[in-house]
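Trainee: I have a new model open and want to learn to read it. Can we go through it feature by feature?

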Amino acid sequence: MATPISMQFNPSILSNISPSVNNTKPQFFQPNDKFLIKQKVNSSSHQFSSFLQQQQLPLHQLETPRFVAKAATGVVETVEDKLPADIHVTETQEPNSRVRLTVEVPTVVCDDCYRRVIKEFTKLSKVPGFRPGKNVPEDILVGFVGKQNVQKAAVESILKRTLPHAMSSVTKKAFEDSIRIVTKFEEMEKTYLSQNSLRYDVVVDVAPEIKWKPEDAYKNLKVVVELDSDMDAQTASEKELIRRHKSLGALKIVTDRGLQVVHIVYHKHSKILQVGDVAVIDISATTIEQDGSDAKSIPAAESKGFNFDSEEGDNVLPGFRDAMIGIKSGETKSFPLVFPDSWKQEDLRGVHAQFTVECKELFYRDLPELNDSVAEKLLPGCSSIEEVKQALLQRCLEIEQAAKDQATDNAILDQLYKFIEVDIPQSLFEEQGRQLYGAQLLQLQANMKLNEQQLASLSSPRAVNEFLETQKENITSIIKQNLAVGDIYTRENLQFSTEELVNEVQNSIQEFKQHKQEYDEDRVKQQVQEVLEGAKVLEWLRENAEIQYITR
């Protein structure tokens, strides 16, 4: 049976209004990321982008690339310079889709390259006693330039002229920047001097061969997408309306509210925490050992000056809000709670804890009445509360559908890569890994505003290599997904229109300009092509896969 994939729902397009209270949440607080409202990340920091360029991190776009670059074309010079004789090339397959080319250059080719070098030196050298550009006896010219310099130039000329011919069998499938001449230059010089011929080895990563197990596996995908039962657009829109309404009010210190009615209960104490209030609290927690041993502190659950919003009861440890309701300003409460087995921090699951909370201050929200007069403030362009509700609901429905589609795509991709066998080139692995790492650094910089020293540390070769090692499995999975998608695109002869390509390229370039970022138009076009190809493949797979949605 296919592995269930949980749907993530993040309605980030709803608003860019920050919450009234912003503070670090301790581990008794667990955000509801299904309907979390987030600001769009502005990752266009000029300082950071420039720094990454200096570190040579290949960041070509903000988001993690879904589809990796294909084999490069034009990696070496085209074969235009005819040689006076053929060179001999032996091709050997090596692990990780690497090819070793052993190149043997005959004497007649070496001599021809040497004569070209002498001719070039004649043009450029100003030999005393000879007019520039006129013929100079070879022995005098070599003596003037230096015998060793001439020999080095001859070897370089041989390499430059013969490498395109040697690469002709693999150029179309070679990956950019993966070509390396592995024979040491000193060895080539010795061979040239002693034998008047040249022999060298070149290694290059090539586009890997993809094998499907079984051959038509992608045509018979069975995918299970798991949906959360509380992922409801109606509930999300209602919560968003409450959040926006709260943003219009100011937090005021609770002094004397008189007789209060909360949930049909009359409260004589006006300085107690009620639902809707915000409390500034200090929190400490220790374990409750069932065997009677000494209690241990739980640092992850502790916080000083934490702003607790009593309306966020669904996002805190079960029972925490109920224990807090009714606390007075200046009062200290102690109560036991148990971390549920579903808690995100695994080492806290099932832990019995004794919480001690001191209430430092109480605030209430002074909110305007929720009527048509505030509709424009709640959502620009709306003139009534009903219009605001309908607009928010429509946006949440769109986000819910987008999240469902994304979860479906993720589930398909998660199944897809398991059916292919491929020998991944090291250069492709490093490129994908560095792009993932670079995207994470951009996100980190946007969230934390790292200083130059921190950036230097995180961008060091050691940090990057550690990421490549620890994330090896994840990077490999992504590459296999990308390669599988590209292979399906070719096998099924899928296509996208020229108009789609032009529009998407223009949109991408406009975004780069808007964020004042440098870009390579050819690279942008290549990436847009890859994304469009991927979209066509996923569309085809959704139509042909057996997809089951279940609610948990």
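Trainee: What percentage of the residues in the chain is buried?

Mentor: Remember that this model is predicted. Of the 552 residues in the chain, 42% are buried.

Trainee: How many helices and strands does the chain have?

Mentor: Count 15 helices and 16 strands.

Trainee: And the surface? What share of the accessible surface belongs to carbon and sulfur atoms?

Mentor: That share is 47%, out of about 31,000 Å² for the chain.

Trainee: Which contacts should I look at for the fold?

Mentor: Look at sequence separation. Take contacts between residues at least 6 apart in sequence: 75% of them join residues at least 24 apart.

Trainee: Which residues have the most contacts inside the largest nonpolar core?

Mentor: Trp212, Leu416, Ile488 and Leu541, in a core of 47 residues. Several elements give two or more residues to this core, among them β7 (222–227), α10 (426–448) and α12 (461–470). Helices α9, α13, α14 and α15 are on that list too. The top contributor is α13, with eight residues.

Trainee: What does Trp212 touch, leaving aside its neighbours within four places in sequence?

Mentor: Its contacts include Leu416 and Ile488. Ala217, Tyr218, Phe419, Ile420, Ala484, Asp487 and Arg491 are in contact with Trp212 as well. There is also a second, separate core of 27 residues, which includes Val254, Phe320, Leu348 and Cys359.

Trainee: Now helix packing. At what angle do the axes of α9 and α15 cross?

Mentor: Check the approach of the axes, then the angle. Helix α9 covers residues 385–416 and helix α15 covers residues 521–544. Their axes come within 10 Å and cross at roughly 90°. So α9 is roughly perpendicular to α15.

Trainee: Which residues make that contact?

Mentor: From α9, Thr408, Asp409, Ile412, Leu413 and Leu416; from α15, Leu538, Leu541 and Arg542. By class, that contact has five nonpolar, one polar and two charged residues.

Trainee: Let me try a loop residue. Where is Leu494 found?

Mentor: In the loop between α13 (472–491) and α14 (498–514).

Trainee: Why does Leu494 count as buried?

Mentor: Apply the cut-off: buried means under 20% relative accessible area. Leu494 has 17% relative accessibility, so it counts as buried.

Trainee: What does Leu494 touch, not counting residues up to four places away in sequence?

Mentor: Tyr489, Lys536, Val537 and Trp540. Take Val537: Leu494 is 43 residues from it in sequence, yet their C-alpha atoms are 7.4 Å apart in space.

Note on methods: Residues numbered from 1 in each chain as written. Predicted model: local features only at pLDDT ≥ 70, side-chain atom pairs only at ≥ 80, totals over all residues. Heavy atoms only, no water. Helix = DSSP H or I, 4+ residues; strand = E, 2+ residues; numbered from the N terminus. Buried < 20%, exposed > 50% of the residue type's maximum accessible area, 1.4 Å probe, protein only. Contact = heavy atoms within 4.5 Å. Areas by Shrake-Rupley, 256 points an atom, 1.4 Å probe, with all protein chains shown as cover. Axes fitted to C-alpha atoms, helices over the stretch in contact; angles between N-to-C directions. Parallel < 35°, antiparallel > 145°, perpendicular 65-115°, else oblique. Nonpolar A, V, L, I, M, F, W, Y, C, P; charged D, E, K, R; others polar. Core = buried A, V, L, I, M, F, W, Y, C linked by side-chain atoms within 4.5 Å.
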